[in-house]
Amino acid sequence: MKFHCVDAAALHQAGEQLAASLCAGDVVLLEGGLGAGKTTFAQGIARGLGVTEAVTSPTYAIVNEYMSGRLPLFHVDVYRLEAADELVSAGIAELVGESGVWLVEWASRFPGAWPESSLEVRIREVGEGRVVEVLGR
Ligand SMILES: Nc1ncnc2c1ncn2[C@@H]1O[C@H](COP(=O)(O)OP(=O)(O)O)[C@@H](O)[C@H]1O
Ligand SMILES: [Mg+2]
C-alpha cells in the first residue's frame with residue numbers, strides 16, 4: 001500500500017484506512033525521521049480503531065495504552081532508550097505482539113527486538129507532503 005498525503009489530515013486518513021485491517025497481535029513499525037509524521041499516522045490508526053482518548057507522543061512515557069477502541073492499542077516510542085535491555089526492563093520486549101495492536105516509533109534503533117511478522121510503515125517527506133508505504137517485513 002502506498003499513500004500520498006498532502007497534509008496532516010490526509011496522514012490521519014491513511015492511518016484510519018490501515019486500522020481497518022489490523023488484528024490483535026499486529027506490530028506496526030513506524031519509520032521516518034524526526035517530524036516525518038509517525039505520531040500523526042499513529043493518531044490516525046487510533047481514530048480508525050475507535051480510540052476516544054487524545055493520542056499524544058509517547059516519547060517520555062515510552063509506552064501509552066489506549067483501551068477505548070475495538071482493540072487495545074499500545075503506542076511505543078523508543079527514541080529515548082539507549083540499549084535494547086531497556087526494552088526488557090520496560091516490559092516491552094516481553095509484551096510486544098501480545099493482545100492488541102502495537103505501534104512502535106524509532107523501531108529501527110533496535111532492529112532485532114520486533115517480531116518477524118511486523119508490518120513496516122515508511123514515511124518520508126516529499127515536497128510539502130508525505131509519502132507513506134506499508135510493507136510486510
Ligand atoms: N502529510 C503532511 N504534509 C505536511 N505536513 C505534515 C503532514 N503530516 C504531518 N505533517 C506535520 O508534520 C509534523 C509531524 O509530526 P509528528 O507526527 O509528531 O512526527 P514524528 O512522530 O515522525 O516525529 C506535524 O507538525 C504535522 O502537522
Ligand atoms: Mg513521534
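Which residue forms a salt bridge with Glu-120? The partner is Arg-122, with the closest N and O atoms 2.7 Å apart. The legends below describe a predicted model, in which local features need pLDDT of at least 70, side-chain atom pairs count only at pLDDT 80 or more, and totals for chains, interfaces and linings use all residues. Residues are numbered from 1 along each chain as its sequence is written, chains are lettered from A and ligands numbered from 1 in the order in which they are written, and side-chain values use heavy atoms, with hydrogens and water left out.

**View 1. The salt bridge of Glu-120 and Arg-122.** A salt bridge is a side-chain nitrogen of Lys or Arg within 4 Å of a carboxyl oxygen of Asp or Glu. Glu-120 is buried at 14% relative accessible area, whereas Arg-122 is partly exposed at 42%. Buried means under 20% relative accessible area, exposed over 50%, and partly exposed in between (1.4 Å probe, protein chains only).

**View 2. The salt bridge of Glu-16 and Arg-47.** The N to O distance is 2.8 Å. Glu-16 belongs to helix α1 (residues 8-19) and Arg-47 to helix α2, so the pair ties together parts 31 residues apart in sequence. Helices (H or I, at least four residues) and strands (E, at least two) are DSSP runs, numbered from the N terminus.

**View 3. The magnesium ion (ligand 2).** Thr-39 (OG1) and Glu-105 (OE) coordinate the ion at 2.2 Å. Thr-39 lies in helix α2 (residues 38-49) and Glu-105 in strand β5 (residues 101-105), 66 residues apart. Both Thr-39 and Glu-105 are buried. Donors are N, O and S atoms within 2.8 Å of the metal (3.2 Å for Na, K and Ca); water is not among the atoms, so sites may look incomplete.
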